[in-house]
Amino acid sequence: MEASVPEVDFQKLSEGEEWKKLREACEKYGIFRVINHPIQETLMKEMKSVVKFMHDLPLEIKMRNKSIIPDSGYIPPHPSSPLYEAMAIYDCHESPQALEDFFSQLDLPPHYRNIVKSYGKAIHDLASTIAKEMGKSLGIEDVDFKDWPFLLRTIKYNFSPENIGEMGVMLHSDTGFITLIQDDETVSGLELLDDSGLLKVVTPKSGSLLCVVGDVGHVWSNGKFWNARHRVICKETCTRYSFGVFMLAARDGIVEAHPKLAELNDGPRYRPFKYEDLREFRIVTGKRNAEVLDQYRIA
């Protein structure tokens with residue numbers, strides 16, 4: 001069965017009707033496709049070529065991509081996720097040196113470096129704008145999401161004929177505010193858990209970007225935005241690539257409901273906590289679903 005994934009037209013976000021669609025998508029589904037966005041399709045295709053090149057590098061070179069915060073560097077396949085491999089750059093929009101270090105570690109050719117810089121800036125700016133529009137749909141206009149830490153992440157799923165039906169990545173919710181991802185336009189595998197408890201296929205759509213609300217977005221909105229549960233499963237025998245930005249939490253690392261939203265709902269639904277504690281808890285325990293937020297829930 002195919003998942004119902006709303007589409008939001010970026011060019012129409014100044015219009016009331018599109019704003020309404022954006023809010024409904026965040027509240028009901030926790031996921032939506034962004035169409036008519038400003039990132040050129042040529043740049044999207046070029047970035048996919050760079051991602052393929054990076055993931056084809058020898059293991060000893062990829063291992064140079066070290067984590068700044070847990071799971072923010074190279075993640076090799078391991079027994080619990082044997083088909084999953086990822087690389088990332090932490091906070092590259094705030095620290096140009098982080099980009100240069102990444103380029104040097106992987107010894108990327110100059111042309112590829114320019115593509116990563118252009119794509120990284122474009123998708124960071126787009127994610128920041130989308131987050132701001134999401135806030136405005138709830139009446140919040142005093143938050144500048146451009147300053148929030150981001151991960152620019154690339155993911156490779158090593159699918160082969162013997163892996164059909166196996167898990168690429170387990171059912172989970174993302175930890176951050178939002179994830180803005182360019183999913184593979186030719187290889188499917190992404191599935192969304194709907195409100196009836198059924199897993200449904202998210203069909204790829206070339207030229208679009210997929211925005212997924214995470215745990216921080218759920219808490220920040222005081223439970224209004226839904227943190228979507230999703231997974232990737234091997235359904236085809238082709239290698240699958242996805243990449244984009246993971247907007248994490250506020251720069252000070254404190255995760256809490258926006259004061260105005262807490263006030264409108266007779267107080268916050270969750271007590272404040274540190275983002276690094278949530279991230280660490282999920283890594284240490286192996287628990288990836290949004291239920292990890294229950295420990296912060298106010299009864």
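Predicted model: local features only at pLDDT ≥ 70, side-chain atom pairs only at ≥ 80, totals over all residues.
Residues are numbered from 1 along each chain as its sequence is written, and side-chain values use heavy atoms, with hydrogens and water left out.

Close-up 1. H2 covers residues 41-55; helices (H or I, at least four residues) and strands (E, at least two) are DSSP runs, numbered from the N terminus. The 15 residues of H2 reach 21 Å from first to last C-alpha, close to the 21 Å expected at 1.5 Å a residue, where the expected span is 1.5 Å times one less than the number of residues. Leu43, Met44, Met47, Lys48, Val50, Val51, Met54 and His55 are the buried residues of H2. They lie on the same side of H2 because they cover an arc of only 160° around the axis, the arc being that of the directions from the helix axis to the C-beta atoms. Thr42 and Lys45 are exposed, on the face turned away from the buried side. Buried means under 20% relative accessible area, exposed over 50%, and partly exposed in between (1.4 Å probe, protein chains only).

**Close-up 2. Strand E7 with its partners E8 and E10.** E7 (residues 190-193) pairs with E10 (residues 230-233) in the antiparallel sense over three bridges. E7 also pairs with E8 (residues 199-201), again antiparallel and over three bridges; two strands pair if DSSP finds at least two bridges between them. E7 and E8 form a hairpin with five residues between them, and Gly197 in the turn has a positive phi of about 90°.

**Close-up 3. Ile155 in strand E4.** Ile155 belongs to E4 (residues 150-157) and counts as buried at 6% relative accessibility. The C-alpha atoms of Ile155 and Val51 are separated by 8.2 Å, although the two residues are 104 residues apart along the chain. Leaving aside neighbours within four places in sequence, Ile155 is in contact with His55, Tyr84, Glu85, Ala86, Arg240, Tyr241 and Ser242; contact means heavy atoms within 4.5 Å.

**Close-up 4. Asp91 in a loop.** The loop that holds Asp91 runs between strand E3 (84-90) and helix H4 (96-106). Asp91 counts as buried at 8% relative accessibility. Apart from neighbours within four places in sequence, Asp91 is in contact with Pro149, Phe150 and Arg251.

**Close-up 5. Aromatic pairs.** Rings of Phe, Tyr and Trp (its six-membered ring) pair if their centres lie within 6.5 Å; planes under 30 degrees apart count as stacked, over 60 as edge-to-face and the rest as tilted. By this rule there are eleven aromatic pairs. Phe145 and Trp148 form a tilted pair, 4.8 Å centre to centre with 55° between the planes. Phe145 is buried at 2% relative accessibility, and Trp148 is buried at 7%. Phe273 and Tyr296 form a stacked pair, 3.9 Å centre to centre with 10° between the planes. Phe273 lies in strand E13 (residues 273-274) and Tyr296 in the segment after helix H8 (275-285), so the pair ties together parts that are 23 residues apart in sequence. Ring pairs also link Phe145, Trp148, Phe177 and Trp220 into a cluster.
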